[in-house]
Amino acid sequence: MNSEVSYVIGVDYGSDSVRTIIVNAKTGEELAADVFYYPRWQKQRYCNMQANQFRQHPLDYVEGLEATIKNCIAKVDASVAANIKALSVDTTGSTPVATDKHGTPLAMLPGFEENPNAMFVLWKDHTGVGEAAEINAHAEKFETNYLQFVGGIYSSEWFWAKLLHVLRADEAVRNNIYSFVEHCDWIPFLLTGGNDVQQMKRSVCAAGHKILWAKEWDGLPPNEFFATLDPVLDGITARLFKDTYASNEAAGIISKEWAQRLGLPETVVIGVGAYDAHMGAVGGQIEPYHLSKVMGTSTCDMMVAPANEVAGKLVKGICGQVPGSVIPGMIGLEAGQSAFGDAYAWFKRLISWPLQTLLANSNLLDEATKQQLIQETENAIIPALSKAAEKIEVNIHSELAVDWFNGRRTPDANQLLTASVTGLDLGSDAVHLFRAVVESTCFGAKAIVERFQEQGIPVKGLIGLGGVARKSPFVMQMMADVMNMPIRIHRSEQTCALGAAMFAATAAGIYDKVEDAMQAMGQGFDAVYEPDAAKVALYQQRYEQYKKVGAFMEAQVIH
């Protein structure tokens with residue numbers, strides 16, 4: 001490592017907001033942080049929840065990038081700003097967008113500003129369910145199994161299902177699209193002043209886990225695979241990419257325009273991007289065979305393993321295993337749940353109905369008082385439910401839920417699945433139902449661990465990252481009890497942004513490898529939840545019930 005004190009920026013694009021931090025590259029000390037909530041997304045513009053359509057406007061991303069970085073720069077000394085060496089970003093994924101040949105999202109071009117199909121298709125958009133099913137059926141016709149490195153099942157949350165759906169749904173987009181680009185690849189391209197989409201450095205993280213790229217077939221599957229799926233895809237691979245890059249590499253140097261716009265030195269290195277959970281796993285100091293769980297609206301579970309130790313093992317039903325997608329030189333394995341915090345948020349919305357309707361329309365209070373009361377009450381709901389749920393004596397007959405509120409990501413992706421609750425009686429109240437929903441999300445997490453173990457990949461420990469991990473002892477203790485395994489909670493409030501900062505430091509050459517950055521800049525762990533031995537056996541029984549109910553629900557799905 002260089003002896004000079006240097007600073008780096010980590011930018012973390014989440015589902016609702018973008019967070020930026022400035023970090024001391026020697027110590028990992030956070031000097032400034034800022035958050036920007038996407039204004040268009042907050043109004044749910046371009047979204048249709050009933051149709052599972054979730055789109056985000058690129059201007060939300062651009063405005064957030066500029067606002068958070070400039071606000072962070074304003075919070076530090078000029079000497080710090082002058083010594084910022086690098087910047088890296090992580091984003092949600094798969095969150096792709098249609099672009100022209102210059103790499104400009106169509107939504108930023110005249111005539112497309114209000115067209116949802118010209119915007120970023122957020123990870124949880126499931127409008128491509130039918131297309132994903134077609135891809136899975138189509139893949140069986142080929143001698144080469146092009147799905148073997150993504151768990152054998154292609155998901156509607158991923159790149160190709162979204163591209164095919166958008167092209168079929170919108171003639172204007174179909175006639176103007178040149179390429180399709182992941183959010184994590186577009187931001188570095190933007191910052192480096194890219195003007196030719198085919199020169200964009202695509203991340204191995206996104207390419208390997210969601211876009212079917214693999215070195216085994218020298219890039220993407222052949223044009224024949226896509227052209228015979230649907231002629232609208234004929235020729236698209238030639239306009240995408242062949243080469244990919246790990247996040248320890250530089251995408252380029254910041255453009256003069258963006259350096260001036262953000263108040264950064266013109267020498268700032270921009271790192272290759274990646275998905276949030278992958279960089280978050282590094283920020284959370286992942287270890288081989290320890291499952292790093294980024295727990296927010298959904299979960300993304302990351303594991304790394306030495307390539308020689310997992311050679312020949314392909315875990316079925318996960319979100320892929322890709323060399324170098326987390327740590328260069330290791331295999332990155334990804335799984336996750338489509339709804340985690342989102343399930344709790346759904347329950348809060350459900351029981352908040354009287355607040356949002358009866359109280360909101362009441363004439364007994366002035367408007368400011370009503371809004372304050374509604375906000376304060378809503379903020380107190382989950383903590384109060386958690387405290388009450390901790391006291392419930394659970395038995396084998398207690399209410400039981402299945403957690404597929406947004407379909408199932410892993411194991412075995414199926415976005416047609418829905419959640420369920422069984423065991424209701426007249427004694428079932430809000431607290432009992434909330435406890436069952438939390439338990440179901442822990443059971444969903446256990447199913448992932450079980451799949452890894454069944455396929456010969458040991459899970460030696462759990463690492464908890466993200467908002468739910470840090471803010472909900474009730475959920476984390478239940479997770480430890482259900483898993484019968486300790487879970488360590490990382491100290492950092494911003495593990496994804498911190499991971500991005502670690503990769504930035506590596507891309508700039510401050511560290512030779514990301515493991516060195518992780519060791520120097522890591523903040524360690526500040527809590528460990530040990531399983532309660534008295535509850536483990538009961539939770540195992542209830543988990544078996546969960547699997548039976550889930551199997552029944554899955555059998556009822558009409559494809």
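Visitor: At what angle do helix α12 and helix α14 pack?
Guide: In this predicted model, helix α12 (residues 341-351) and helix α14 (residues 367-389) pack at about 115°, their axes 10 Å apart. Axes are lines fitted to C-alpha atoms over the stretch in contact, and angles run from 0 to 180 degrees between N-to-C directions. Helices are DSSP runs of H or I, at least four residues, numbered from the N terminus.

Visitor: Which residues make the contact?
Guide: Y344, F347, K348 and I351 of α12, with E378, I381, I382 and L385 of α14; contact means heavy atoms within 4.5 Å.

Visitor: What about rings: how are Y344 and F434 arranged?
Guide: The centres are 6.1 Å apart and the planes at 65°, so the pair is edge-to-face. Rings of Phe, Tyr and Trp (its six-membered ring) pair if their centres lie within 6.5 Å; planes under 30 degrees apart are stacked, over 60 edge-to-face, the rest tilted. Y344 is in helix α12 and F434 in helix α15 (residues 430-454), 90 residues apart.

Visitor: Is Y344 buried or exposed?
Guide: Y344 is buried, at 7% relative accessible area. Buried means under 20%, exposed over 50%, partly exposed in between (1.4 Å probe, protein chains only).

Visitor: New topic. What sits over the ring of Y543?
Guide: The charged end of K446, 5.4 Å from the ring centre. The test is NZ of Lys or CZ of Arg within 6 Å of the centre and within 35 degrees of the ring normal.

Visitor: What are the ground rules?
Guide: Residues are numbered from 1 along each chain as its sequence is written, and side-chain values use heavy atoms, without hydrogens and water. Local features need pLDDT of at least 70, side-chain atom pairs count only at pLDDT 80 or more, and totals for chains, interfaces and linings use all residues.

Methods: Helix = DSSP H or I, 4+ residues; strand = E, 2+ residues; numbered from the N terminus.
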